[in-house]
Amino acid sequence: MSSEQPLLVVLGATGNQGGSVLSYFLSLSPSPYALRGVTRNLSSPKSTALAARGVEMTLGNFDDPSSLDTAFKGASIIFSVTDFWPAFFDPAQRQEAAASGQSIGAFCRELELQQSRNIINAAAKVTTLKHFIFSSIPNSQKISNGKYEHVYHFEGKGLAQEYGQSAHPKLWEKTTVFYAGLYLENWLSGAGVLLQPKLNKDTDTLVFSLGETLGTASFPIYSSVDDTGALVHSLLRTAPGKKVIGVNEWLSFRDVATLLAQVLGKSIEFVNEDPSFDMGDPDLEKENAEMMGFCVEFGYDGGKVDKSIVQPADLGVPLQLQSVKEWCAKQDWESILQVV
Ligand SMILES: NC(=O)c1ccc[n+]([C@@H]2O[C@H](COP(=O)([O-])OP(=O)(O)OC[C@H]3O[C@@H](n4cnc5c(N)ncnc54)[C@H](OP(=O)(O)O)[C@@H]3O)[C@@H](O)[C@H]2O)c1
């Protein structure tokens, strides 16, 4: 990579979204950008693998503003993403939250919001910056007028957008807000007992207990690993100042289940009972149940209220993504199916 190339700095470089951005541009020959990835651990296997592929890996921590100043030096483009979840599941953080009289969700919302403020403040100082891509999700609390007030992993990201817009309007003119759609990878991780495909061995049937309302609601589905990079490339070929939903296909959970059954050559049965959010963790259950309620009522992206959201197909640039069915066909479902 030549030093003449504009520099793309990627946060969350070792994660799903940031890793996808780097992999995508590494796969282009030549890459239009010099690539720098930010991590807290330069010796992790993911970081060393990226360095071996030619990414300049650099230390940076969202909690440490001066490390972000260093990491952003000379950037033409910054891709930003924050991670709500590690603190949510960390027993030490749960203790700290309890000691401060906060629920773990509210505590993590503040933590993620402060990390976003640090990133935004540092990005606003970069004189070479042309385009800031801010991965986010809508403020569910605000859009629902307080009805869904426990979807903290949405709310903190939405509050961060509001902070960026009001505290750094000049930066916001150069910003595209990227609403990462619902990950297909959730189907692999068991992140929702809800989404977990179950196999009735006797009848060779996939069984889904999604309920009617949730099962048929439309979600922006995409692969964070396979699709983020191409979506970000399409954002970089259009002017900033937009809010774009990162979607491959708008599908219901029943649609995804049907595609999966087709790929696996199995029949399908939908059980119409109310979906269970039983995850053995009341805070997580509340977070997820309210998130799904918000998505059904207001749309995952708040799009039933916020009419400013742009679909990737309307950006006016070519975008080639594998279909969701093709994605399903590439996965190893044997280890994921829960036999009932
Ligand atoms: N699951 C879904 O359907 C979905 C949909 C939309 C949005 N999201 C959101 O996506 C976010 C997670 O993104 P992801 O899936 O790309 O992440 P991920 O794969 O879980 O990886 C987390 C990344 O963030 C970096 N990171 C975490 N804390 C950091 C800190 N304090 N300083 C510097 N880097 C830090 C990690 O880097 P190192 O460990 O290398 O430092 C790693 O690269 C969450 O906030 C979630 O709410 C999820």
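## Around helix α5

Just after helix α5, glycine 101 has a positive phi of about 75 degrees. This is a predicted model. Helix α5 covers residues 91-99.

## Helices α1 and α12

Two packed helices are described by the angle between their axes and the distance between the axes. Take helix α1 (residues 16-27) and helix α12 (residues 224-236). Their axes come within 7 Å and cross at roughly 65 degrees. Angles of 65 to 115 degrees count as roughly perpendicular, so α1 and α12 are roughly perpendicular to each other. The crossing of α1 past α12 is right-handed.

Which residues of α1 meet α12? They are Asn16, Gln17, Ser20, Val21, Tyr24 and Phe25. On the α12 side, the partners include Ser224, Val225, Thr228, Val232, His233 and Leu236. By class, this contact has 7 nonpolar, 7 polar and 2 charged residues.

An α-helix has 3.6 residues a turn, so residues three or four places apart point the same way.

## Helices α8 and α14

Helix α8 spans residues 152-167, and helix α14 spans residues 282-298. They pack at an angle of about 65 degrees. Their axes are 9 Å apart.

From α8, the contact uses Tyr152, His153 and Phe154. From α14, it uses Glu287, Met291, Phe294 and Cys295. How many residues of each class make up the contact of α8 with α14? There are 5 nonpolar, 1 polar and 1 charged.

Technical notes
Residues numbered from 1 in each chain as written. Predicted model: local features only at pLDDT ≥ 70, side-chain atom pairs only at ≥ 80, totals over all residues. Heavy atoms only, no water. Axes fitted to C-alpha atoms, helices over the stretch in contact; angles between N-to-C directions. Helix = DSSP H or I, 4+ residues; strand = E, 2+ residues; numbered from the N terminus. Parallel < 35°, antiparallel > 145°, perpendicular 65-115°, else oblique. Left-handed = near helix turned anticlockwise from the far one by under 90°. Contact = heavy atoms within 4.5 Å. Nonpolar A, V, L, I, M, F, W, Y, C, P; charged D, E, K, R; others polar. Polar contact = N/O pair within 3.5 Å; in protein donor to acceptor, adjacent residues only side chain to side chain.
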